[in-house]
Amino acid sequence: MYALLFACAFGALVLIAAGGLTLYAERSISREMAANADVFEEVLKLRGNERMAQADVLSGDFGFRKAVALGDIPTIESALDSLKTRANVPYAFVVGVDGRFIGKVSDLRPADRRGLVAALDAGQTGGIITLADKSAGAVAAPIKLPDLAGWLVLGEPLSEKGLANLARLSAIPLESRITSLERLPRAVRGTTGSAPVEVKENGERILYRANPVASLGGDSKPVLLLRHSLTQALAQHRSIIWKLALLGLLGIAATIALSWIIARSITRPIATLSKAAKRVSEGHHAVVDVRSNDEVGRLATSFNRMIDAIEEREQRITHIALHDILTDLPNRKLFAEQLEATLARACDERHVAICYLDLDNFKAINDTVGNPIGDQVLKQVAQRLTAFMPEATVSRQGGDEFALMIPDIAADDDMLGHADRLFRCFEKPFVVDGQNFPVQSSIGIAFWPHDGRDAETLLKNADLALYRAKQEGKAGYQFFEQSMDDAARRRRQLEMDLRKAISEGAFELYFQPLYSLEKEQLSGFEALLRWQHPERGMVSPVEFIPLAEETGLIIPIGEWVMREACRQAAHWPGELRVAVNVSSVQFKSTNLQNAILQALSQSGLAPNRLEIEITESVFIADIDETLGLLHKLRSLGIRIALDDFGTGYSSLSYLRSFPFDKIKIDRSFVTDLASGPGASAIIRAIVTLAGALGMETLAEGVEQEEQIATLRQEGCQHVQGYWFSRPVPGAQVPALIAQFGGVAVDREDDRAEAA
């Protein structure tokens with residue numbers, strides 16, 4: 001009974017499958033033909049881009065353009081021959097704007113020449129032309145002197161072998177050729193670019209698809225013609241139907257046999273279930289062979305599903321523990337295990353490369369468009385790394401950091417090629433929801449066995465190389481060098497010493513006078529931080545300030561500088577001001593305003609005697625928030641000065657956004673005063689601009705009397721530099737104030753000291 005029902009159901013299934021297979025075959029063939037046509041267009045486009053890049057190099061060459069301008073035909077032809085050899089193309093010639101051809105163009109018919117000139121005049125740069133009665137892909141690069149003087153044309157015939165290779169890319173046997181619209185079969189002529197057309201040929205069903213191809217001149221309209229035999233394709237599918245029928249017969253026989261077996265035994269599955277349950281309770285994997293569809297069989301099926309679900313959950317838990325949830329790449333733990341396993345079986349004749357990647361300024365994407373978009377970009381980065389480096393193990397280390405392990409590299413292999421290929425992963429922007437997100441990466445690379453023989457050392461050294469790549473300006477790669485490890489050790493020691501100096505109060509403030517040229521008197525002092533190291537002596541701020549900013553130690557250091565500067569300035573006579581530099585890192589801290597207010601309150605210094613000096617870098621993170629804080633400080637009476645004016649890229653826009661009290665002219669302009677009138681003109685422009693905006697100006701780095709005369713002539717109100725005094729400890733400030741107050745300044749001594 002069951003066997004008869006099964007036979008009827010399977011017969012109906014075979015009939016439905018036969019019709020479905022035929023329909024599926026026709027649709028699949030149509031899709032394959034369309035895909036093959038798209039592949040041809042893409043290959044033609046990529047090849048055209050390569051030829052265009054080669055043509056652009058020559059057309060932009062100064063010597064070649066000079067030869068074209070002078071009509072030096074031998075030089076032009078020599079350059080064309082060299083280009084044909086280098087680019088591996090048989091045709092290269094020059095077409096002048098007057099229609100004159102230079103080069104070997106005997107294979108180009110007169111009519112095609114005229115059409116080519118007309119197409120170039122119309123602005124076309126690539127397409128199909130006819131050379132020696134054969135279709136050829138051609139590109140044209142303009143030659144400018146600087147006006148357009150002609151075009152450099154490269155042509156490469158589309159060989160039958162190449163078209164055959166293209167056809168072999170398809171999953172179905174296709175015949176492809178380039179022909180003209182006039183030579184198409186009549187039934188196909190009106191269907192170019194649309195769905196395939198079925199044509200009867202000698203009793204055989206044939207599918208044709210015609211796709212137009214861009215033409216570069218000429219009367220003919222080139223077309224890519226694809227041909228496939230639908231009759232032969234369906235003949236192959238008929239064998240599948242016969243196989244289904246045979247499987248049906250076998251299924252009927254198996255059903256009869258199984259029914260007989262089930263009828264004979266009911267108790268055996270129950271005993272099997274009992275044994276399987278016992279094995280599972282002991283921690284083993286067990287699967288019950290289901291031999292019936294009754295209650296016992298359904299129980300066995302449920303048992304197997306339960307076991308599979310338990311095993312699947314265990315595998316998933318293990319997978320999650322070792323893979324990144326967002327990208328499904330190996331995480332840091334699994335990557336380290338894979339690296340250790342690879343190194344265990346590595347030999348000295350083969351190298352292993354570890355590459356650390358960090359996406360530059362990726363935080364800006366999350367801050368501007370949100371974390372969901374940022375997550376999509378990270379997923380695309382993971383996919384592109386995997387696609388570009390199929391031989392590598394790719395891992396996401398966390399955040400926007402990735403790592404790659406490239407095993408089995410030959411000792412004489414050029415790793416620059418791998419590094420360049422990895423770097424090119426980020427040439428094209430990532431596209432999410434129609435938006436382009438250009439992303440660059442800094443890359444650090446270390447090798448086994450040269451840069452370490454264990455996984456921990458290799459990973460550390462790759463990270464050090466990455467740190468150097470980011471220090472060198474990002475968007476690049478660096479190979480590990482032993483000097484990097486030495487520098488890292490020195491940096492760690494300096495950081496520990498810096499922390500110790502903070503806790504022990506090893507810093508000291510020096511002060512350099514600010515002099516008013518208008519009033520010919522002292523106007524204030526700039527507070528400068530100094531660190532007397534117990535072993536290294538005086539450490540330059542250029543060395544430890546960047547480290548303090550990077551580690552965040554600049555915040556407690558800056559708060560101490562603010563308190564100490566206000567405390568000492570409170571004892572100065574009159575209205576002498578103190579200028580304190582504030583780092584961009586301090587502006588990111590939420591406690592900056594409170595730290596300044598506490599320093600003023602504890603010292604009793606009037607707010608108008610405190611001057612905050614900032615650079616343009618404080619505006620990079622959040623302009624609106626920074627401007628809001630500056631306005632709050634200024635409303636309290638605190639003066640704001642823009643330091644190093646003229647060295648950035650957006651100073652004028654910042655001057656428009658915020659009314660600074662003072663602009664400090666960078667010392668480079670003062671130094672250049674003796675070299676020519678340019679620096680003087682720049683200072684004059686800055687002083688005029690500041691005066692128009694109601695701001696004071698101060699010139700830094702004054703060391704010569706001639707500089708003072710020029711600055712006074714140009715209207716600069718304040719100056720600062722070694723001509724007046726080097727920075728002095730706080731204890732010497734009263735004597736310096738007294739000296740400027742009535743005693744003549746011994747500039748010769750100071751100048752000698754500055755030298």
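Predicted model: local features only at pLDDT ≥ 70, side-chain atom pairs only at ≥ 80, totals over all residues.
Let's start at a loop: proline 146 sits between strands β4 (134-144) and β5 (148-157), where strands are DSSP runs of E with at least two residues, helices are runs of H or I with at least four, and both are numbered from the N terminus. The peptide bond that joins leucine 145 to this proline is cis, with omega at about 15 degrees. Another cis bond runs from tryptophan 448 to proline 449, and there omega is near 10 degrees. Proline 449 also belongs to a loop, the one between β15 (441-448) and α14 (455-471).

Residues are numbered from 1 along each chain as its sequence is written, and side-chain values use heavy atoms, with hydrogens and water left out.

Now step back to the whole chain. Its secondary structure comes to 26 helices and 26 strands. Of its 755 residues, 44% are buried (buried is under 20% relative accessible area, exposed is over 50%, and partly exposed is in between, with a 1.4 Å probe and protein chains only). Take the contacts (heavy atoms within 4.5 Å) with a separation of 6 or more: 63% of them are between residues 24 or more positions apart.

Asparagine 88 has a positive phi, near 60 degrees, without being a glycine. You'll find asparagine 88 in the loop between α3 and β1 (91-96), and it counts as exposed because its relative accessibility is 63%. Aspartate 644 is another non-glycine with a positive phi, this time about 55 degrees. Aspartate 644 lies in strand β22 (residues 639-645) and, at a relative accessible area of 26%, is partly exposed.

Helix α2 (residues 62-70) packs with helix α3 (residues 73-87) at an angle of about 140 degrees, their axes 8 Å apart. (Axes are lines fitted to C-alpha atoms, for helices over the stretch in contact, and angles run from 0 to 180 degrees between N-to-C directions.) That angle makes α2 oblique to α3, since under 35 degrees counts as roughly parallel, over 145 as roughly antiparallel, 65 to 115 as roughly perpendicular and the rest as oblique. On the α2 side the contact is made by Phe64, Ala67 and Val68, and on the α3 side by Thr75, Ile76 and Ala79. Sorted by class, that's five nonpolar residues, one polar and no charged (Ala, Val, Leu, Ile, Met, Phe, Trp, Tyr, Cys and Pro are nonpolar, Asp, Glu, Lys and Arg are charged, and the others, Gly among them, are polar).

Compare that with α17 and helix α19 (residues 592-603), which pack at about 30 degrees with axes 8 Å apart. Here the angle makes α17 roughly parallel to α19. Glu559, Met562, Arg563, Cys566 and Arg567 of α17 meet Ala595, Ile596, Ala599, Leu600, Gln602 and Ser603 of α19. This contact has six nonpolar, two polar and three charged residues.

What about the inside? The largest nonpolar core holds 78 residues, and Val578, Leu610 and Ile614 touch the most other members. (Such a core is a set of buried Ala, Val, Leu, Ile, Met, Phe, Trp, Tyr and Cys residues joined through side-chain atoms within 4.5 Å.) Helix α17 (residues 554-569) gives this core the most, with seven residues. A second, separate core has 32 residues, among them Val381, Leu385, Leu422 and Cys425. Back at valine 578, its contacts beyond four places in sequence include Phe511, Phe525, Trp572 and Leu610.

Phe511 turns up again with valine 728, which also touches Leu509, Tyr510, Val733 and Leu736, leaving aside neighbours within four places in sequence. Valine 728 is in strand β26 (residues 728-729) and is buried, at 11% relative accessibility. From valine 728 to leucine 509 is 219 residues in sequence, but 8.5 Å in space, C-alpha to C-alpha.

Last stop: leucine 326, in the loop between α9 (295-322) and α10 (332-344). At 26% relative accessibility, leucine 326 is partly exposed. Not counting residues up to four places away, leucine 326 touches Asp375, Leu378, Lys379 and Arg396.
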